Amino acid sequence: MQNKFDVIILGAGAAGLMCAATAGYQGKSVLVLDMGKKPGRKILISGGGRCNFTNENASPANYLCGNPHFVKSCLSRYTQNDFIELVDRHGLAYHHKTLGQLFCDNSAQDIVDILLTECDWAGVQLQLRSEVLSVTKIDEAYQLNTTSGDYVCESLVVASGGLTMPKLGATPIGYKIAEQFGIKVLPTTAALVPFTLHDHDKQRFDGLSGISIDCLVTSEDKTSFRENILFTHRGLSGPAILQISSYWKAGQAVSINLLPDTNLTQVIENWRQTSAKKSLKNCLTQVLPSRFIEILIKEEAIPDKAVNQLTHSEINHIADYLHNWTIKPNGTEGYRTAEVTLGGVDTDELSSKTFEAKKSKGLYFIGEVTDVTGWLGGYNFQYAWSSGVACGQAV
């Protein structure tokens, strides 16, 4: 039968293409179905178009999952070094950034080209502009009715991604297939996403858009990240905010140490000796953006005085305020701008070695559709590669 395959993979993203090549190299007949016009659309826009394709420091500690042990198996069997070896073989030009991030020198298209080349060498077929209308299981086979025809397979791999960036065609198809086969799906929410602010805070910080500050940001569960925050016209973004958003829940506040390398109490005491008649405002603009300090002075969060007029209690208050600046977000920008989806197919329902659903033989879930969310910085791509290979070896 022309439309019968050993393996059909739903989704031509990072995990799906990696799984397809791996399965194809094992002699399986493989078809990848994707409803988009081109493969790897999320890869192409990632990392500002240069794709932060892995992280040298990737370990299970960098992932959120209902079962913290779930990712250990796949990450240990296909590591960041394995993926680096793959791109080296293809001659990819890339560079290292701080915190272990690896980016393409030229374009994220280079990563997509490597994956497509691997799929081509492995004999994988790719069918784009193909929407899945229904999935049924008859005996040991899965039958798919799609807009490009009907297909049958022994192994069905769902690599359809999450709900992020709907403009790229994100749909809940993966979750629907899971629920159809009685597999639990945990509640989903946008993660690695900018915060929006309440109207009064938006008005307070109007005019700060584009200002970036190196901070230590801490959530109510005491998780912390040290990177930049960025004021936007809608709220707060930047790497530290995106990171902490995965640990933030509606109604909670975040604490921001605006001067993580400074003992501000000591610094102000020094200013009292060296710049006694200078205003606190002018002194603080040496260590923080002047527009930000002006707002704090204007709303009387910190006093408008010369440093030699400050009392010890005022100095302690200023230091505490700037080392523990607290803001309560109104919400997030949601799936429209989020990098990943938190939650998804419950990993307790899957084998950590093969990603096969325990309740339905031959059905697999990999990548972002599962309840595994990595930190910002190439960790989610590494999970895509690792889960894709583990599943591709098993189908």
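Guide: A salt bridge is a side-chain nitrogen of Lys or Arg within 4 Å of a carboxyl oxygen of Asp or Glu. Please note that this model is predicted.

Visitor: Why can such side chains pair?

Guide: Side chains of opposite charge can pair when their charged atoms come close. In this structure, Asp214 and Arg226 form a salt bridge, with 2.8 Å from N to O. The pair connects distant parts of the chain, as Asp214 belongs to strand S13 and Arg226 to strand S14, 12 residues apart.

Visitor: Are Asp214 and Arg226 buried or partly exposed?

Guide: Asp214 is partly exposed, at 36% relative accessible area. Arg226 is likewise partly exposed, at 34%.

Visitor: How many salt bridges does the structure hold?

Guide: The structure holds 13 salt bridges. One of them joins Lys359 to Glu349, where the closest N and O atoms are 3.3 Å apart. Lys359 is exposed, at 53%, whereas Glu349 is buried, at 11%.

Visitor: Which residue forms a salt bridge with Arg204?

Guide: Arg204 pairs with Asp201, and their closest N and O atoms are 2.5 Å apart. Because the two residues are three apart in helix H7, about one helical turn separates them. Arg204 is partly exposed, at 26% relative accessibility, while Asp201 is buried, at 5%.

Technical notes: Residues are numbered from 1 along each chain as its sequence is written. This is a predicted model: local features need pLDDT of at least 70, side-chain atom pairs count only at pLDDT 80 or more; totals for chains, interfaces and linings use all residues. Side-chain values use heavy atoms; hydrogens and water are left out. Helices (H or I, at least four residues) and strands (E, at least two) are DSSP runs, numbered from the N terminus. Buried means under 20% relative accessible area, exposed over 50%, partly exposed in between (1.4 Å probe, protein chains only).
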